[in-house]
Amino acid sequence: MENLGLHSMILLHPNSVVQAALPRIFNEVNEDFFDDLKSKLKLAADAGFERLSSIKGIVPIKSSAAMYMMVRVELDQFRDMADDIEFCKKLLAEQNCMTFPSTCFFAKGFLRVIVCTKPEVLQEFGDRLQEFCAAHYKE
């Protein structure tokens, strides 16, 4: 496997074991747990939105009831970025951050970021994304 740099991988999604357990969890866990979970998701989504809002060349779209956030990439403001797929591939190669290009969802010019994680992880993702964008931004 090729060296992906100094950073450890940030995976912003649950593993397959958790995904398989979800039906049982939803049926057997009380409502207080879900209220707490919704509160944590809102905090994470708000933290991610605030962090990404300060990065030149991208425009996060605040989610209201999702575990992900769409982020518009102003591709014309970056060097060497033909589309959202190339942006995400280079972000993975250079910063070891996996995002989904919106082309996967039949749209173009966006990336999708999973926000169901700790605010600290989203802050670090924002730091890496900012470094990446600064390195590729047209001056």
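Predicted model: local features only at pLDDT ≥ 70, side-chain atom pairs only at ≥ 80, totals over all residues.
1. Asparagine 30 lies in the loop between α1 (16-28) and α2. Helices here are DSSP runs of H or I of at least four residues, strands are runs of E of at least two, and both are numbered from the N terminus. The side chain of asparagine 30 makes a polar contact with the backbone nitrogen of aspartate 32 at 3.1 Å. A polar atom of that side chain also lies 3.1 Å from the backbone nitrogen of phenylalanine 33. A polar contact is a pair of N or O atoms within 3.5 Å; within protein, one must be able to donate a hydrogen and the other to accept it, and residues adjacent in sequence count only if both atoms are side-chain atoms.

2. Residues are numbered from 1 along each chain as its sequence is written, and side-chain values use heavy atoms, with hydrogens and water left out.

3. The sheet comes next. It is open and consists of 4 strands in the order β1-β2-β4-β3, with antiparallel pairing. Because β1 and β3 stand at the edges and each has a single partner strand, one side of each is left without a neighbour in the sheet. Helix α2 (residues 31-52) packs on the sheet and touches β1 and β2; its direction makes about 10° with that of β2. For this angle, axes are lines fitted to C-alpha atoms, for helices over the stretch in contact, and angles run from 0 to 180 degrees between N-to-C directions.

4. The pairing may be followed strand by strand. Two strands pair if DSSP finds at least two bridges between them. Antiparallel β1 and β2 are joined by 4 bridges, and a hairpin of 6 residues connects them. Isoleucine 58 has valine 73 in β2 as its bridge partner, and isoleucine 61 stands opposite methionine 70 in β2. On to the next pair, β2 and β4 run antiparallel and are joined by 5 bridges; here methionine 70 stands opposite arginine 112 in β4.

5. Strand β2 has two faces. Met69, Val71 and Val73 form the covered face, whereas Tyr68, Met70 and Arg72 form the uncovered one.

6. Which residues of helix α3 are buried? They are Asp84, Phe87, Cys88, Leu91 and Gln95, where buried means under 20% relative accessible area, exposed over 50%, and partly exposed in between (1.4 Å probe, protein chains only). These residues cover an arc of only 95° around the axis, which puts them on the same side of α3; the arc is that of the directions from the helix axis to the C-beta atoms. The buried residues of α3 pack against β1 (58-61), β2 (68-73), β3 (100-101), β4 (110-114) and α4 (119-136).

7. The length of α3 agrees with expectation: at 1.5 Å a residue its 12 residues should span 16 Å, and its end C-alpha atoms are 16 Å apart. The expected span is 1.5 Å times one less than the number of residues. At the start of α3, a side-chain oxygen of aspartate 83 reaches to within 3.1 Å of the backbone nitrogen of isoleucine 85.

8. Glutamine 95 belongs to α3 (residues 84-95) and counts as buried because its relative accessibility is 5%. Leaving aside neighbours within four places in sequence, glutamine 95 is in contact (heavy atoms within 4.5 Å) with His7, Lys90, Arg128, Glu131 and Phe132. Just after α3 comes asparagine 96, with a positive phi of about 60°. Asparagine 96 is in the loop between α3 and β3 and counts as buried at 5% relative accessibility.

9. The loop between β3 and β4 holds serine 102 and phenylalanine 106. Is each of them buried or exposed? Serine 102 is buried, with a relative accessible area of 0%, whereas phenylalanine 106 is exposed, at 81%. Leaving aside neighbours within four places in sequence, serine 102 is in contact with Met70, Asp84, Ala107, Lys108, Gly109, Phe110 and Leu111. Phenylalanine 106 has a positive phi of about 65°, although it is not a glycine.
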